[in-house]
Amino acid sequence: MKTLKMLLLLCFAVSIVTAGFMMDPKGPKKSFQISSDQRTNYAYKRSYYEFKSVAERYVKDFQTEIDVISKQLSTLQNLLDTFEADMDSAFEIAEDIRYECNSSPPVVEHSFAIVIKVNDTQQVAVYTCDPGYTYAGGENKVRCDHDYGQWDEATFRCTECFINRFTYQGARSKTEGGIECQRWDSQTPHSHNFTNPEVYPEKSITAAENYCRAIGKSFHEPWCFTTDPNLRWDYCGIPKCNRSLENDCGSPSLVTSSNSNVTPRHSHTTYGARASYMCDTLSDPTQDEYCPVSVCTKYGWSVASISCGALDCVNSSTKYVGKRTCTVSGRTCQRWSSQYPHTHRFMKTTFPDGSAADAGNYCRDPNGYGTTWCYTIDPKVSWEVCDVPSCGKFQ
């Protein structure tokens, strides 16, 4: 406010001085000679010099204020420079802190981890399977999250393995198809002549219990007799140790259904393998959407669901109204009302559901092919059959 007042007075003083000069280009002395009365001229002249004196004083005071403001601005600039330097240091510290993971990396069963540094900024935990276990899929590294200081989710997996057929002493007691093993000291439901305790790594047939073992000259990996009277023996799906990093999913998970016992069937457990689930019996109709196929992926077996209702089998493929949504290979079906990723001519076809839209992405047989099928959402595979079982198989 004080500075504003000085500026107004300065402007007023300058206007008076300027007015004096503008009266006569020759200067203020002659410009005051505007009256024949000497006293009047003297009064004007006196007023001029008084205003000039006031103006010069305010100009001097204003210059002093300018100097003060200039020093204050200089001080403020120094403070800003210091603040910016402090902020740069704070950001550098924050950058260092946000890369740190103070907690331990996630635990992976049957493995140990080594923490290393990458470029002194990012922590990486490298997993290796414990002795007696081998790689079963997933990424063998997890990293400290840059923004939150937390470890990434671990996908690395290890599975039990055998070095050679004479040394395996693991506790696996189911076949690769999920069937419980028969005890070695039992002769039911299958009789056998592996009664010599020396053939077992424990040197005891009783201690071997019903564990998978690689005994017998004809067997080169762990196996067992099964408790299924219709299946004498089967391999246990245990991989060999120190194998290449080929994904092995192990035995597929058992899937339960409220209507029936469900048994997974598969031939191998490595990447791309497919396990199909079959109902032992069929009961009341059900409308649950499901895919009774599981696929071995880099993250393990894909999720499979199964319903064992009467609608899940087929008497006539063209009349099937069940809810299967995947093909025999496990690929998801494309919707019948869609032309992507595969174009087709069944948009206006009458389905047993009513229309293509009502048929959703369920397995159907709109052209009387003879078995249920569907287009797939895989751009590389146009269509596949769905392999819905015949109802006569369960009658």
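This is a predicted model: local features need pLDDT of at least 70, side-chain atom pairs count only at pLDDT 80 or more; totals for chains, interfaces and linings use all residues.
Residues are numbered from 1 along each chain as its sequence is written, and side-chain values use heavy atoms, with hydrogens and water left out.

**Ring pairs**

I counted 18 aromatic pairs (rings of Phe, Tyr and Trp, the last by its six-membered ring, pair if their centres lie within 6.5 Å; planes under 30 degrees apart are stacked, over 60 edge-to-face, the rest tilted). I looked up W336 and F346: their ring centres are 6.1 Å apart and the planes sit at 85 degrees, so this pair is edge-to-face. Both W336 and F346 lie in the loop between β11 (300-301) and β12 (373-375), so the pair ties together parts 10 residues apart in sequence. Strands here are DSSP E runs of at least two residues, helices are H or I runs of at least four, and numbering goes from the N terminus. W336 counts as buried because its relative accessibility is 1%; F346, at 4%, also counts as buried. Back at W373 and Y375, I found centres 5.2 Å apart and planes at 75 degrees, so they are edge-to-face. I also found a cluster in which ring pairs link W184, F194, Y200, W223, F225, W233 and Y235.

**Backbone**

Most residues other than glycine have a negative phi, and most peptide bonds are trans. I checked for exceptions. The T188 to P189 bond is cis, with omega near 5 degrees, and P189 is in the loop between β5 (157-160) and β6 (223-225). Y340 and P341 are also joined by a cis bond, omega about 5 degrees; P341 lies in the loop between β11 and β12. K203 has a positive phi, near 60 degrees, and sits in the loop between β5 and β6. At 48% relative accessibility, K203 counts as partly exposed. For D387, phi is positive as well, near 55 degrees, and the residue falls in the segment after β13 (383-385).

Last, I looked up D88, which is in helix α3 (residues 38-98). D88 counts as partly exposed because its relative accessibility is 47%.

Definitions and conventions: Buried means under 20% relative accessible area, exposed over 50%, partly exposed in between (1.4 Å probe, protein chains only).
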